Amino acid sequence: MVVSQALATREVIGLHREVSKRRFDERLTELVRRSSDMIAICDRNGVVRYASPSSEQLLGVEPGELAGQTIDNVLGPEGTHVREVFEKVLATPHSEQTATFSIPQSGDLEKRSFKIVVANLCHVESIRGITLNIRDVSDATRLLALVPY
């Protein structure tokens, strides 16, 4: 009797953990899906392995189209600066650096400005890559340009 209760309790605890993990995964998926910031995971060569849905809003490219492309191809000439930061972060485990870059948007006369945080998460089992968190800072950049010094 005690053994069967212990086994039943163990099974209930296992199921509870599984449900909690599933809820956490669902919550995280929804948060990433609805974020205005773009998240990408690149391998050590700068090839995009994952891009969040906001890539379409920020860069005008669907996430599936980004997979397999290098950051140089995705960002064009501005990718050179980001690539330099990428290489520095890649060379230093657990490191993180911030950079800014601008790219022209199709149909826009102005370039859009972005802030990017590049982090080396190669040591994290579930990521094993370099993450790029990209935020559109165009409005803030335009406002700062209007402020007299």
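**Contacts, burial and surface in a predicted model**

Author: In this predicted model, residues 24 or more positions apart account for 36% of the contacts in the protein with a separation of 6 or more.

Reader: Which elements make up the protein, and in what order do they run from the N terminus?

Author: The protein holds 6 helices and 5 strands, and from the N terminus on these elements follow the order α-β-β-α-α-α-α-β-β-β-α.

Reader: Why is C42 called buried?

Author: The relative accessible area of C42 is 0%, and since the term buried applies under 20%, C42 therefore falls within that class.

Reader: Why is L144 called exposed?

Author: L144, which has its place in helix 6 (residues 138-146), reaches 54% relative accessibility, and because exposed means over 50%, L144 counts as exposed.

Reader: What makes the nonpolar surface patch that includes L144?

Author: L144, V147 and Y149 make this patch, with an area of about 420 Å², while the accessible surface of the protein as a whole comes to about 10000 Å², of which 56% belongs to carbon and sulfur atoms.

Notes
Residues numbered from 1 in each chain as written. Predicted model: local features only at pLDDT ≥ 70, side-chain atom pairs only at ≥ 80, totals over all residues. Heavy atoms only, no water. Patch = residues over 30% accessible without salt bridge, like charges linked within 9 Å, V, L, I, M, F, W, Y side chains within 5 Å. Areas by Shrake-Rupley, 256 points an atom, 1.4 Å probe, with all protein chains shown as cover. Salt bridge = Lys/Arg side-chain N within 4 Å of Asp/Glu carboxyl O. Helix = DSSP H or I, 4+ residues; strand = E, 2+ residues; numbered from the N terminus. Buried < 20%, exposed > 50% of the residue type's maximum accessible area, 1.4 Å probe, protein only. Contact = heavy atoms within 4.5 Å.
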